[in-house]
Amino acid sequence: METLFEQINNDIKTAMLAREKVTLEALRGIKKEFLEAKTAKGGDGTLHDDQALKILQKMLKQRKESAQIYKEQNRADLAENEMAEAAVIERYLPAPMTDAELEAAVSAIIAQVGAAGPQDMGKVMGLASKQLAGKAEGRVISEKVKALLAAKA
């Protein structure tokens, strides 16, 4: 099975041949981030898919935030471009968990950690962030953990 890095490289070639400017720009941005992560100091020269997913999530968040700022400044043209790039990045991320799936996963983690209430938020979030990385946004995980721990108290 090819890695995300290899998949991006292949898709860059496809986008070049199809002359898809926005897709190509987004993919080149992804490749740049991947290469920087691969050659980062202290790294082993490889990029694992879990690291790649974190990079993609960060890039997606940046694109959405930029688009929001552009909308607030009445720059619809720039906001559109950011959202188009965000759509390209989303293709490489796994489908986000549904609310029910997230609640079940967080409940299992709470039981695993033995959390008794809101004071155990840190323990639960530490494990939840690792296990649910790439499947749900950190903010959404945090809100769900808070709600479930508050219900326990």
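Which residues does Met97 touch, not counting residues up to four places away in sequence? Met97 touches Leu102, Ala105, Leu132 and Lys135. The model discussed here is predicted. The protein has seven helices and zero strands, and its pattern along the sequence reads α-α-α-α-α-α-α.

**Overall architecture**

- The C-alpha trace of the protein spans about 55 × 45 × 30 Å along its principal axes.
- The protein has 153 residues, of which 33% count as buried.
- Taking contacts between residues at least 6 apart in sequence, 60% join residues at least 24 apart.

**Met97 and its loop**

- Met97 sits in the loop that runs between helix 4 and helix 5, the latter covering residues 99–113.
- Met97 counts as partly exposed because its relative accessibility is 23%, and the partly exposed class lies between the 20% limit for buried and the 50% limit for exposed.
- Met97 and Asp44 are 53 residues apart along the chain, and their C-alpha atoms are separated by 31 Å.

- Helix 3 covers residues 49–72, which is 24 residues.
- At 1.5 Å a residue, helix 3 should span 34 Å, and its end C-alpha atoms are 35 Å apart, so the two values agree.
- The buried residues of helix 3 are Ala52, Leu53, Ile55, Leu56, Met59, Leu60, Arg63 and Ala67.
- These buried residues pack against helix 1 (4–18), helix 2 (21–38) and helix 4 (76–90).

**Helix 2 against helix 3**

- The axes of helix 2 and helix 3 cross at roughly 135 degrees and come within 10 Å.
- Helix 2 and helix 3 are therefore oblique to each other, since the angle falls between the 115 degrees that ends the roughly perpendicular range and the 145 degrees above which a pair counts as roughly antiparallel.
- The crossing in which helix 2 passes helix 3 is right-handed.
- On the helix 2 side, the contact is made by Gly29, Ile30, Glu33, Phe34 and Ala37.
- On the helix 3 side, the contact is made by Ala52, Ile55, Leu56 and Met59.
- By class, the residues of the contact of helix 2 with helix 3 divide into seven nonpolar, one polar and one charged.
- Ala52, Ile55, Leu56 and Met59 of this contact are also listed among the buried residues of helix 3.

- Most residues other than glycine have a negative phi.
- Arg19 has a phi near 55 degrees, a positive value in a residue other than glycine.
- Arg19 is located in the loop between helix 1 and helix 2.
- Arg19 counts as exposed because its relative accessibility is 73%, and exposed means over 50%.
- Asn74 also has a positive phi near 55 degrees and is likewise a residue other than glycine.
- With a relative accessible area of 70%, Asn74 is exposed.

**Ser142 in helix 7**

- Ser142 lies in helix 7, which covers residues 138–152.
- Ser142 is buried because its relative accessible area is 19%, and buried means under 20%.
- Leaving out residues up to four places away in sequence, Ser142 touches Met121 and Met125.

Note on methods. Residues numbered from 1 in each chain as written. Predicted model: local features only at pLDDT ≥ 70, side-chain atom pairs only at ≥ 80, totals over all residues. Heavy atoms only, no water. Helix = DSSP H or I, 4+ residues; strand = E, 2+ residues; numbered from the N terminus. Expected span 1.5 Å × (residues − 1). Buried < 20%, exposed > 50% of the residue type's maximum accessible area, 1.4 Å probe, protein only. Contact = heavy atoms within 4.5 Å. Axes fitted to C-alpha atoms, helices over the stretch in contact; angles between N-to-C directions. Parallel < 35°, antiparallel > 145°, perpendicular 65-115°, else oblique. Left-handed = near helix turned anticlockwise from the far one by under 90°. Nonpolar A, V, L, I, M, F, W, Y, C, P; charged D, E, K, R; others polar.
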